[in-house]
Each structure stands twice: as structure tokens, then as C-alpha cells.
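Dear colleague,

Please find the structure below, followed by a short account of two of its elements.

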Amino acid sequence: MEQKPGGKRPSERRQKMSSNLLGGPPGREAEEGGEEDAAAAATTSSSSATCSPAAVPAAMLRAAQLMRPARRLPRRRAAGGRRAGPSRRRLQRWRRAWRVRGRGESARPRKEPERSQQRPERPTAFVGNVPSKMGSLAVSPTYLLPPAPRSIPFQAPGGIMERGGMGPGRGAGGFLACACFFSENLFVPRYGLHLRYWGDPEQLRRDYGPALQERGCKTKEEFEAVIQEVEKEVQRRKDLDRHSRERKTIISQNYTPKHPEVYTLQDSFLAPEFVETVKYCTSNGADLQGLLSHVESISDKRIFRLPVFTAEFCRAFIEELENFEQSEMPKGRPNSMNNYGVLLNELGMDEALITPLREKYLCPLSALLYPDCGGGCLDSHKAFVVKYALHEDLDLSSHYDNAEVTLNVSLGKAFAEGNLYFAEFRQDPKPVPRYVEVEHVPRHGLFHRGGQMHGALPIASGERWNLIVWMRSSALRNQLCPMCNRLPDLVPAEGFGDGFTGDPPGAQPETVDLCSLA
């Protein structure tokens with residue numbers, strides 16, 4: 001039987017393809033498919049030779065049957081317009097696909113492009129002149145808002161980053177964090193900017209170069225200093241949970257409280273007006289209009305003020321915080337913008353003080369004040385105390401909180417000025433922001449939406465302690481992360497994390513809006 005040079009009998013070709021399907025090394029015919037197809041076709045028309053079933057293993061026959069009828073491989077045009085065989089890479093993809101289908105499995109999913117290969121969106125700047133009393137600040141704080149929601153989940157460069165050393169993962173009922181914590185809202189105090197950084201200095205220069213230059217970052221050395229500062233903050237966040245666990249263990253084993261009674265919530269800690277207001281909120285027929293007769297409404301920005309604690313509790317609470325501050329115990333920063341204060345979960349005040357305060361008193365209030373912001377389903381929190389004093393933290397730049405609802409209580413002590421100021425809600429920036437200045441009143445708390453842009457003016461004298469409670473609703477933030485405006489890319493976290501929760505495998509989402517039922 002005549003055969004073209006380089007050609008093979010149909011039976012030999014089928015055996016070779018069968019060996020490839022069974023995991024054998026690819027033969028040369030897989031790389032020269034164009035010429036082999038033509039040679040095999042010419043040979044088949046004139047050949048009467050067949051392959052004996054006894055000479056071929058049953059597995060090879062089965063693999064050969066899987067190839068019938070054979071799919072015609074797509075062809076590409078070579079230079080000059082003539083048709084050429086498929087490329088080696090395409091043939092390898094086809095061979096892998098046939099192997100998978102031969103095992104009865106579905107084809108492998110297509111790999112999503114890496115985040116670093118996608119062009120980042122340029123952020124929108126929220127810029128405005130702050131009240132005139134901010135004379136001691138060198139620059140007006142600017143907050144760069146996150147981009148619009150993306151159609152794909154966020155994944156930082158290098159894959160999903162975990163919050164450094166978080167230990168064993170939590171169950172289905174545990175709380176999680178969003179991976180954007182390691183790349184979004186990185187604060188640079190020197191220039192009053194919040195930045196997004198994906199590990200690429202050119203991305204930072206492209207997105208924030210003009211804003212940095214406007215605020216005095218003009219030289220190469222100054223820009224490199226910004227890069228170092230941002231990378232240091234990213235590393236701090238990666239190590240945050242591990243260091244927090246270590247501090248909490250040391251404090252619980254070695255610290256002696258001065259006022260151990262303040263670690264457990266008691267009704268005597270609360271102002272009588274506050275108790276009466278919460279009692280109304282839990283009564284039948286309670287509504288917003290009735291609640292407004294018990295609280296003070298400030299402007300149209302949905303800011304409300306009412307007394308929360310008694311003077312005796314505030315005094316004992318501050319003495320306990322000062323005792324801890326003067327001890328040799330390790331201390332963590334409350335957040336990236338405050339350098340002086342106490343994380344209450346590390347001090348051991350979360351379980352018996354803040355959690356019952358949120359569940360029994362703050363949630364009924366928030367359900368009527370902010371039903372559209374998850375006020376009726378606040379299931380986690382982050383609580384800390386910040387301190388403002390001369391030669392320490394004087395003020396706080398414009399920002400918004402990682403919370404659905406925030407409670408800010410002025411504990412004392414004696415101080416002058418340092419008022420809060422509020423601008424627009426973060427999702428509705430105005431061309432010229434309209435600021436509202438709000439005075440601190442000792443023992444009184446301010447309720448506001450976490451997304452409300454706000455800051456603190458410089459304190460003129462004295463010392464002020466503020467209790468901050470960020471309250472979070474997993475029902476809302478599971479759908480959209482408030483810090484990156486994207487579907488959350490969940491990673492493990494300690495304690496309440498950032499208020500996200502994971503659904504158990506196979507769980508169907510509820511169709512009832514629990515917040516609207518509050």
C-alpha cells in the first residue's frame with residue numbers, strides 16, 4: 001500500500017490519539033495536525049488495512065470511540081493568505097479539554113484575569129473648604145471616594161490577602177472582613193488624603209499624583225516617602241489581628257483594673273432620659289415622629305443628640321482608661337487616623353459592656369432613626385475611645401466610618417472648642433459641600449449615619465475623651481462593602497471582623513427585607 005512520506009495508517013493514527021487521551025505524552029502529530037489530517041485523508045481513501053480488535057486494548061478502543069465523530073480543528077491563516085494548521089497552544093488546549101470530557105467531567109472554568117491586568121478606575125475627589133475654625137490645619141482634608149461598583153469581585157494583586165495570622169477559621173455564623181481593608185482607604189496624615197494602593201507605585205502616581213502635588217508633594221523624594229508610609233500602613237493592617245490577639249492576652253493576664261465595675265453594663269450607668277427614650281422605642285405604636293419628641297434633631301442630615309450616660313459613670317470610665325493608659329500594658333491604635341485612645345475589645349469591655357448596650361438600647365433607637373441604613377438589624381460593632389489633647393491628637397480629618405450607624409459620646413473632661421463638622425453623605429457629594437458644625441455636650445451622644453462625611457475641629461485647650469461605637473448590619477454590607485463599593489471579597493477575621501458574614505454552602509438567600517420589618 002502506498003503512503004505519503006510522513007503519513008501514517010488510520011489505525012496507527014487512532015492508536016496514537018487514543019494514547020494521548022489516556023494521559024500519554026503528546027506525539028509529533030499533535031504538533032503538525034494540519035499536514036497529518038491531509039495525509040490521513042488521502043490514505044483512508046485507498047487503504048483497505050484495518051486494525052484488529054485483539055491487537056488494541058479495550059481502553060484504547062473506548063478512547064477511540066470517544067473521538068468519533070472527530071471535531072474539525074479551527075484553522076488559522078498563515079502569512080500570504082494560505083491556510084495553516086492550528087497552533088501548538090490551541091492543540092494543547094483541545095487535548096486537555098478532551099481528557100476532561102473523557103472522564104465524564106465538565107470542562108474546566110475559564111480563569112479570570114488577574115486584577116493587576118485590569119485598568120483601574122480613576123477615583124472621584126471629594127473636595128471642599130472646611131469651616132473657618134480649622135486655622136491650625138495646614139491643608140484642608142480631602143477624601144477620595146471609592147470607584148463605582150464593579151461587575152467582578154475585587155481581588156487584590158497577588159490573590160486574596162488574609163488579615164495576618166488570624167488563626168483558625170470561623171464557622172458559618174462567624175464574622176468576616178473584606179479584602180479591600182488591605183488596599184483601600186489608606187490615610188496619609190501629612191497630606192490629608194485617603195488613597196487606594198495595589199502595590200504599584202505607578203498606579204499611585206497615576207491616580208493621586210495631581211492631588212498630592214496640589215498639597216505639597218512635589219519632589220521625587222517626597223513621593224517616595226508617601227510610598228513608604230502607605231506600604232507601612234498596609235503591613236500594619238496585615239499584622240493587625242495577630243498583634244491584637246497578643247495584646248489582649250497580655251492585658252487579660254497582667255492588667256489590674258481600677259474600676260472593675262465599669263466592665264459590666266448596669267442600668268445605673270445610663271441617663272434616665274436615655275432609658276425613657278429606649279422604653280418608648282420598644283413600646284407598641286412607636287414611630288419616628290414620636291421619637292423625635294425625645295431626641296434633639298440637628299439639621300436635615302439626620303444627626304440626633306440625646307443624653308446617654310450619667311456623670312458618675314463617665315468619671316469612673318475615664319479614670320479606668322487613664323489607669324490603663326499609664327500602665328505598661330501594650331496598646332493599639334483605635335484606627336488609622338487616631339493615635340491616642342483605647343480599643344475596648346482588647347481591654348475586655350466588649351462582651352459585658354458594649355454588646356448588651358448595642359443589643360438592648362442602641363438597636364431599638366437605630367431601628368426608628370435609620371430603618372433604611374440597617375438600623376433594625378445591627379448585629380456587630382467596633383467600639384473604641386479616642387483622646388484629643390494639646391501636643392497629641394488635636395483634630396480629625398474629613399472621613400466616613402466603616403459602619404451603618406455611629407454613636408459618638410462625649411465623656412469629658414474639660415475642653416474648649418474641637419467641635420464636630422458634618423458634610424454630605426458619601427454617595428451624594430455636592431459640588432460645594434455644605435458643612436454643619438455640631439458642639440460636643442458632655443455625657444451626650446450623637447447618632448449619625450456611618451457614611452456621613454465628618455471630621456473634628458482642633459481642640460483649643462483641655463482634654464476630651466469620646467466613646468465611638470461603629471454599629472454594622474451584615475444584611476446590608478454582605479451585598480455591598482461600604483468601604484470599596486463592591487461586592488465584598490470576604491476573608492477570615494477575628495471577633496466581629498468588619499461585620500460581614502458568610503452564608504453556609506447551598507443556602508438560599510432570603511427574600512424578606514428584615515430591616516423593613518423593624
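The buried residues of helix H7 pack against strand E6 (186-188), strand E7 (193-195), helix H6 (201-214) and helix H8 (240-254). Contact here means heavy atoms within 4.5 Å; buried means under 20% relative accessible area and exposed over 50%, with partly exposed in between (1.4 Å probe, protein chains only). Helices (H or I, at least four residues) and strands (E, at least two) are DSSP runs, numbered from the N terminus.

This is a predicted model, in which local features need pLDDT of at least 70 and side-chain atom pairs count only at pLDDT 80 or more, while totals for chains, interfaces and linings use all residues. Residues are numbered from 1 along each chain as its sequence is written, and side-chain values use heavy atoms, leaving out hydrogens and water.

The buried residues of H7 are Phe223, Val226, Ile227, Val230, Glu233, Val234 and Arg237. They lie on the same side of H7, because they cover an arc of only 130° around the axis, taken from the directions from the helix axis to the C-beta atoms. On the other side of H7, Glu221, Gln228 and Lys232 are exposed.

Strand E18 (residues 452-456) has five of its five residues buried, so it is largely enclosed by the rest of the structure. Gln452, His454 and Ala456 are buried on one side of E18, and Met453 and Gly455 on the other.

Two strands pair if DSSP finds at least two bridges between them. Strand E12 (residues 396-399) pairs with E18 in the antiparallel sense over two bridges, and Leu396 has Ala456 as its bridge partner. Strand E15 (residues 420-425) runs antiparallel to E18, joined by four bridges, and Leu420 stands opposite Ala456.

Yours sincerely
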